[in-house]
Amino acid sequence: MRGFLSATLGLGLLAALFPIPGHGAQHFQDAPIPGTSPSAVTLGRDLDGDGDPDEITIRLEVIEVTEEVYPGEFVKFWVFAPEGQGMTPVARVPSPTIRVEEGDRVRIILLNTHYFPHTIHPHGTIHPNAMDGVPDITQAAVKPGESFSYVFTAKNPGTFFYHCHVQPDVHVLMGLVGMLIIEPNRPNNIFTHLVPGAGRMPDLAKATVEEGYDREYSLVYMDIDARLNRIPAAYKDPREIEKRMHREYDSTQRQPNIFLLNGRSFPFTLRDTPIEVKSGERVKLRILNAGARPMKLHTHGHHPTLTHLDGYPVPAGMRYTRDVFDIGAAQRIDLELRPGKDDYYASGPGVWIMHDHTEHTVTNKGISPGGDIT
């Protein structure tokens, strides 16, 4: 029997990375994402000879996109998106989930196709100071029409994220944020490196399988003040948008009224990101609070176990099992979900909901039910 909690399928389940025979050498390639350029994800050499690529290059654009987040509510976002080809960008909120392996030489190329300057800050990872993405401190902001390469070696496996660090009080909350996962190093570690949006991972990394997990979901929570997102929808002149975002709109007075899970609010969360599980499975939930307020994440009928905080494992003796988890702004937690009927971790099959127990977040502009319920 199947049970439901709630999460996100993203934009389709991508096929796994696959090796391609070459001239005496092994070449690797992710299954193409429809609409992206051939260079959106480039996989290079197997440097340590363990059967998987160790040179990962990802090219990201900055796209302005309008999303219907719940029936009849259209919101303008800025997102990082895989480099596209043709006239239809491959863009959605949240920005794509990036997956690499411990020890990989990672190059993320920011192609600023937007009308404002931007950067990428790899949040929580170990990386060189010059790759920290803070404008006027470690680099000049990437101007419209320019590009910058963020190059680092992936270290310390875990759940991290990336975001723009130009005027982050506005740019992050406009959608320039995505999850970044560093998988533990394993031989023949074959997985998809770029997943549009978030939700169910199309394939599991070797270490996740070794740990006994059957499924994995990435869950990105955001809170939106519709007054801010209406500004780029109402004006075309970037000078006017800049003035209204930073002079007339005061981010210290923001009042979020739209609450998103993987870019959607209830009831679209049920269509877009259902968390489907079976009794007896073990499910890994990677959770990012990309909003600007603390969360109280509650799972009905289930008591997951906290396994990681901000990318780092929680020692076995300090792990705890509960039904409400505190997640501060920018924090990540990994949870182990054990669906079934054991009267401890789970209550049994059925349709169960999961939501932020900060009560107003389960509304759509104050109308209940809505928000991040799934």
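The axes of helix 3 (residues 226-234) and helix 4 (residues 238-248) come within 9 Å and cross at roughly 165 degrees. This is a predicted model: local features need pLDDT of at least 70, side-chain atom pairs count only at pLDDT 80 or more, and totals for chains, interfaces and linings use all residues. Residues are numbered from 1 along each chain as its sequence is written, and side-chain values use heavy atoms, leaving out hydrogens and water.

**Helix pair**
- Axes are lines fitted to C-alpha atoms, for helices over the stretch in contact, with angles from 0 to 180 degrees between N-to-C directions.
- Helices (H or I, at least four residues) and strands (E, at least two) are DSSP runs, numbered from the N terminus.
- Helix 3 and helix 4 are therefore roughly antiparallel (an angle over 145 degrees).
- Helix 3 passes helix 4 in a right-handed crossing (the near helix is turned clockwise from the far one by less than a right angle).
- On the helix 3 side, L228, I231 and P232 meet I241, R244 and M245 of helix 4 (contact means heavy atoms within 4.5 Å).
- The residues of this contact divide into five nonpolar, no polar and one charged.
- Ala, Val, Leu, Ile, Met, Phe, Trp, Tyr, Cys and Pro count as nonpolar, Asp, Glu, Lys and Arg as charged, and the others, Gly among them, as polar.

**Pocket and cavities**
- The largest pocket holds about 180 Å³ of space.
- On a 1 Å grid over the protein atoms alone, a pocket is an open set of points with protein on both sides within 12 Å along at least five of seven lines; a cavity is a set where a 1.4 Å probe fits but cannot get out; lining residues have an atom within 4 Å of a point.
- Residues lining the largest pocket include Q29, D30, P32, T36 and L194.
- Seven nonpolar, three polar and one charged residues make up that lining.
- There are three cavities of 30 Å³ or more in the structure.
- The second largest cavity has about 40 Å³ of space.
- Its lining counts 11 residues, of which P82, V90, A91, R92 and P96 lie nearest the centre.
- By class, the lining of the second largest cavity has nine nonpolar, one polar and one charged.

**Backbone details**
- V93 and P94 are joined by a cis peptide bond, with omega about 0 degrees.
- P94 sits in the loop between strand 6 (73-82) and strand 7 (97-101).
- Another cis peptide bond runs from S368 to P369, with omega near 0 degrees.
- P369 falls in the segment after strand 25 (354-356).
- Q167, a residue other than glycine, has a positive phi near 40 degrees.

Key. Parallel < 35°, antiparallel > 145°, perpendicular 65-115°, else oblique. Points joined across faces, edges and corners; volume = space filled by probe spheres on them.
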